[in-house]
Amino acid sequence: MTQMTLLRPDDWHLHLRDGDMLRAVLPDTARHFGRAIIMPNLIPPVVTQADAEAYRARIMAALPEGMDFTPLMTLYLTEQTDPEDVAAAHAAGLITAVKLYPAGATTNSASGVTDMDKVLPTLEKMAEIGLPLCVHGEVTDPAIDIFDREAVFINRVLEPLRRKVPGLRVVMEHITTAEAAQYVSSADDNLAATITVHHLMINRNHMLVGGIKPHYYCLPVAKREIHREALVSLATSGDPHVFLGTDSAPHLTTDKESACGCAGVYSSPVALSCLAEVFDTAGALDKLEDFTSVNGPAFYGLPIPTKTVTLTKGDPIALPAPLDTPNGTVTPFDPGVPLHWRVS
Ligand SMILES: NC(=O)N[C@@H](CC(=O)O)C(=O)O
Ligand SMILES: [Zn+2]
Ligand SMILES: [Zn+2]
């Protein structure tokens, strides 16, 4: 196959940031994606209905004229979150999900949750109204090795939570392990998972062998090759509980290439070319559209896209140049292998 047309993809996990960065990165998403779940981990975070309304207006104001893109807003769950504010934001059609960050687990998660019991009233309300919870699934216990934090989270936090709040719909964001792949593929229809582009393409060797590659550093951190293989098997299986969330997370190049480098991979500009390469290599191009465009809206109860994008296979494409912002550049994801599919 040298050409394929897909229903226009959506991105079910995206960081757009704010201000100059928002204006710089938004076109890279809006060019290829119809909708995206917008992560609320700004400084300060998007906590209330009013915050989400204002943030959505800033995104729409930053969208270049003529581009067609719908941001799907989320609220950042804190121990002070008011269940009624969440319910009102949902009833108003403003939010599509609520995001759980264990406090300290990742970038801008300091206002997240330390004691799950404190957020139970909100979670119970969400179960009642059918509003999904998106989860950064890693424990923060310093005694747990960083490579084990996702697998431990499933047993210590996620499984007990799903037993305690049975109707709660949960999306395990950016899964990175065979354990998570196994957990989601054996669960009921209230559980789903997103997988990033970079976790389908790199393992921890790519990040650490032959010199440390800060642009491959993200959270959850890339794992062993056997885990990457489990993710590719799941993504290319057509399992309806699994869909694309790029977790494209721009940081300035200088903040990544640093003695204490930020976590996050900026993958939006190359996401579709990368995915086509992964699915092509796996002999599963026929499953790509389910992953990018069908399974996500089905889980969230949103309409399947009507527009399309066409990808064409040919000579390797040139990688995008670093993106300019008024404060410096952002370095796009380079998977380190030739990419043969271009979006036309
Ligand atoms: N994935 C990351 O490494 N970073 C994300 C936060 C997140 O999604 O955990 C960011 O906001 O930079
Ligand atoms: Zn995360
Ligand atoms: Zn993220």
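**View 1. T74 and its contacts.** Leaving aside neighbours within four places in sequence, T74 is in contact with I37, I38, M39, P40, I95, T96, A97, V98, K99 and C134. Two residues are in contact if their C-beta atoms, placed from the backbone, lie within 7 Å. The model is predicted: local features need pLDDT of at least 70, side-chain atom pairs count only at pLDDT 80 or more, and totals for chains, interfaces and linings use all residues. Residues are numbered from 1 along each chain as its sequence is written, while chains are lettered from A and ligands numbered from 1 in the order in which they are written. T74 lies in strand β4 (residues 70-76). Helices (H or I, at least four residues) and strands (E, at least two) are DSSP runs, numbered from the N terminus. T74 counts as buried because it has 24 C-beta neighbours inside 10 Å. The cut-offs are these: a residue is buried if 20 or more other C-beta atoms lie within 10 Å of its own, exposed if 12 or fewer, and partly exposed in between, with C-beta atoms placed from the backbone. The C-alpha atoms of T74 and N41 are separated by 9.7 Å, and the two residues are 33 apart along the chain.

**View 2. The shell around ligand 1.** The residues around the ligand are H15, N41, T106, T107, N108, H136, C218, L219, D247, A249, A263 and G264. A residue is near a molecule if its C-beta atom, placed from the backbone, lies within 6 Å of it. By class, the shell has four nonpolar, seven polar and one charged. Ala, Val, Leu, Ile, Met, Phe, Trp, Tyr, Cys and Pro count as nonpolar, Asp, Glu, Lys and Arg as charged, and the others, Gly among them, as polar.

View 3. Most residues other than glycine have a negative phi. Phi of D247 is near 55 degrees. D247 lies in the loop between β9 (242-244) and α10 (253-256). D247 is buried because 26 other C-beta atoms lie within 10 Å. H174 is not a glycine either, and has a positive phi of about 35 degrees. H174 sits in the loop between β7 (170-172) and α6. With 27 C-beta neighbours inside 10 Å, H174 counts as buried.

**View 4. Two cis peptide bonds.** Most peptide bonds are trans. A cis bond joins I43 and P44, with omega about -10 degrees. P44 is in the loop between β3 (35-38) and α2. The bond from L219 to P220 is also cis, and its omega is near -10 degrees. P220 lies in the loop between α8 (204-208) and α9 (225-235).

**View 5. Helix α1 against helix α2.** The axes of α1 (residues 19-30) and α2 (residues 49-62) come within 9 Å and cross at roughly 60 degrees. Axes are lines fitted to C-alpha atoms, for helices over the stretch in contact, and angles run from 0 to 180 degrees between N-to-C directions. L22, R23 and L26 of α1 meet R58, I59 and A62 of α2 in this contact. These residues divide into four nonpolar, no polar and two charged.

**View 6. Helix α5 against helix α6.** The axes of α5 and α6 (residues 178-185) are 8 Å apart, and the helices pack at an angle of about 35 degrees. E150, A151 and I154 of α5 make the contact with E179, A180 and Y183 of α6. By class, there are four nonpolar, no polar and two charged residues.

**View 7. The largest nonpolar core.** Nonpolar side chains tend to be buried together in soluble globular proteins. A nonpolar core is a set of buried Ala, Val, Leu, Ile, Met, Phe, Trp, Tyr and Cys residues joined through C-beta atoms within 7 Å. The largest core has 94 residues, of which L75, L133, V184, A193, L231, V242 and L275 touch the most other members. Helix α11 (residues 271-281) gives the largest share of this core, seven residues. Leaving aside neighbours within four places in sequence, V242 is in contact with V184, A192, A193, I195, L234, A235, F291 and N295.

**View 8. V139, a partly exposed loop residue.** V139 lies in the loop between β6 (133-135) and α5 (149-164). V139 counts as partly exposed because it has 19 C-beta neighbours inside 10 Å. Not counting residues up to four places away in sequence, V139 touches P102, I144, R149, V152, F153, R156 and V157.
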